[in-house]
Amino acid sequence: MLTLTLRRLLIAIPTLIIISLVIFLLLEAAPGDPLGEVPLTVPPEVKEKMRLALGLDSAWYVRYGLWMKQFFWVEPVHLWDALFGTHFGEGMQRVISFQSRQPVMQIIAERLPQTLTVVGLAYLVGVLIALPIGILSAYRQYSWFDNLGTFISMIGFSVPTFFTGVVLIIVFAVKLQWFPSVYDTTLQVTDWASFKMQMRQMVMPVTVLALYNAAQISRFMRASMLDNLGQDYVRTARAKGLTEKVVVLIHVLRNSLIPVVTVIALGVPTIFGGAIITEQVFKVNGLGQQLILSIHANDMPMVMTLTFIFAILIVLFNLVADLLYGILDPRIRYD
Amino acid sequence: MTDTSSTPVKIRPPRSQWWDVWDQFKTHKGALVGLSIFVLILLAIIVGPFLWDMAPTFVDLRARNKSFSMAHPLGTDQLGRDVLARMMAGGKVSISVGLTAMMLSIMLGTTIGVLAGYFRRLEGPLMRLTDLFLALPLLPLLLLMVTLFREPLSKSFGPEGGIFLLIVCAIGATSWMQTARIVRGEVLGLKEREFVLAARSIGTPARRMILRHVLPNVLSPIMVSATLGIASAIITESALSFLGLGFPPDFPTWGRLLFDAVDQMQLYPWRVILPGVAISLTVLSVNYIGDGLRDALDPRIRGR
């Protein structure tokens, strides 16, 4: 198990470095000018100075190296400072956003909670819906429940999230006026009333994302249960006289969950991708919305950092899925 | 089966495996319904503009925001453009983006999959490349690519052609990985079979091995992933348009129509719902076709 972990970690590091290089070179090859928004009345020599101040005059590999140093060394040092009140990071240049002149990580830290509450809750709800549906559909294969489940999950991953979101807004925010259509991120949860308000505004974005996730996970759960229900050990368990509940919910379920758990782990980063769209629909000012704003504004450090964080999440959860598989299923140890 | 039962002495005419596949496909109700809906949508998009020959870009400021009527069956938008004409024009772009991007991604995926499966020396590097692409944050990268390369490409290929090329290439380049993995797996299995050994023993060169023996045998998984690829390409294109990073404003696609209508969805919800339903119906029918194809092309299920 230890060698497996080490080997996976060793593969993850070059992968991340190559990905960061790919993103950086893509940004580099692009013709967009971060000073494109500067008014034309600004004289060229001032513009040149601004360019120098942004560090745009040096070669790309110098800036790439600088970014790597800032991301992997300076930012963790600042995080340490913020957590423990030390002052190691003073005087070190952090990754600064071109657009707002604030440290990129500070903006991300401000926006992360919104994304995490909406996305995280949606994923949790999706999983909690999906597992029972998958179990029941597999146990009663080809029953009306199974057919209905198949149909709904087909709709779930065919209808794009931006359309479900918009339909929910039209029905529940415009016609019925049950929920607010815009997510108010300035809302502070201080008492019961504001907590209720927060819950109400989270209902629609969470529903959209949860439905989308539940559609996929319930299919995996169903397929995995079906694989296991036909196995010999199930027949043996029944022959021993165990109750149906024990057979299905303990023997079969535990074995069927192994692939599903890894699928759930693999799905976590893709959720952040889906959240980009959902955040746009409900005007949640989370990370996805920031990414789109920064892309429009040619804010290279911000785009680079955000995209790379998404990449880290993907690699990390791939690793988690691999290791989970190794832990849960002793037959699969790659060493 | 029924035609032979009446005259049992008649020898069955020779039929290719595609008739068997079609017979099996027909038993899948969802796939059949999906196929007919998809054909209907295609017909509406291809034949529709000849029957309803109003220009989708014709601006009639006196007839803005009209509801459903004889003159405009699906109403008009905020500039008085006919929504029906725009829906048909938008569908043409959305579906052609879907088809072209799918073809590109299938070509890439098949090439890489076959090469990785057939040549042992290429397997390591190509599969590492596939893993690397799978680890990329695709939606952010797509957004980046589309924004950053919009200007130069529209300059060299014209605003519409440039964006079309860009979006198709971007989607194709980021969606080939699953196909490559599936094809590689199939090729690895095929390589161990006797007929491949026989073909190799008579000195068939690698190029002809691949074209004559390997490719025809991996056609079924490729076809299934091609069908599913159309669906995901259509969704990706409309998501890009929805984020305002797709086609230019005066160039309708379904995603773009939806995006343009979102600002006024309180007043005119139909304008949001129509393109949304069009996207969802197309994707749903294509997914069902893919589902049916997967069953029909699997010889273990066929004939049951």
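A nonpolar core is a set of buried Ala, Val, Leu, Ile, Met, Phe, Trp, Tyr and Cys residues joined through C-beta atoms within 7 Å. A residue is buried if 20 or more other C-beta atoms lie within 10 Å of its own, exposed if 12 or fewer, and partly exposed in between, with C-beta atoms placed from the backbone. In this predicted model, local features need pLDDT of at least 70 and side-chain atom pairs count only at pLDDT 80 or more, while totals for chains, interfaces and linings use all residues. Residues are numbered from 1 along each chain as its sequence is written, and chains are lettered from A and ligands numbered from 1 in the order in which they are written.

**Core**
- The largest nonpolar core has 142 residues, and those with the most contacts inside it are A:Leu209, B:Leu142, B:Leu143, B:Val146 and B:Ile167.
- Helix α5 (residues 83-118) of chain B gives the most to this core, at 16 residues.
- Beyond its neighbours within four places in sequence, A:Leu209 is in contact (C-beta atoms, placed from the backbone, within 7 Å) with residues including A:Val119, A:Thr161, A:Ile271 and A:Thr278.

**Chain A**
- Chain A has eleven helices and zero strands, these being DSSP runs numbered from the N terminus (helices: H or I, at least four residues; strands: E, at least two).
- Of the 335 residues in chain A, 33% are buried.
- The C-alpha atoms of chain A fill a box of roughly 85 × 60 × 40 Å along the principal axes.
- Among contacts in chain A between residues at least 6 apart in sequence, 70% join residues at least 24 apart.

**Confidence**
- Mean pLDDT, the predictor's confidence in each residue from 0 to 100, is 81 for chain A, and 92% of its residues reach 70 or more.
- Within chain A, confidence is lowest in helix α2 (residues 44-53), at a mean of 73, and highest in helix α8 (residues 232-239), at 90.

**Contact between the chains**
- Chain A puts 33 residues into the contact and chain B 35 residues.
- Helices of chain A that each supply at least two residues to this side include α1 (2-29), α9 (244-282) and α11 (300-328).

**Chain B details**
- Helix α11 (residues 194-201) of chain B lies largely in the open, because the number buried among its eight residues is zero.
- After α11(B) comes B:Gly203, with a positive phi near 80 degrees.
- B:Leu35 sits in helix α3 (residues 29-46) of chain B and is partly exposed, with 19 other C-beta atoms within 10 Å.
- B:Leu35 and B:Val286 are 251 residues apart along the chain, and their C-alpha atoms are separated by 7.3 Å.

Definitions and conventions: Contact = placed C-beta atoms within 7 Å.
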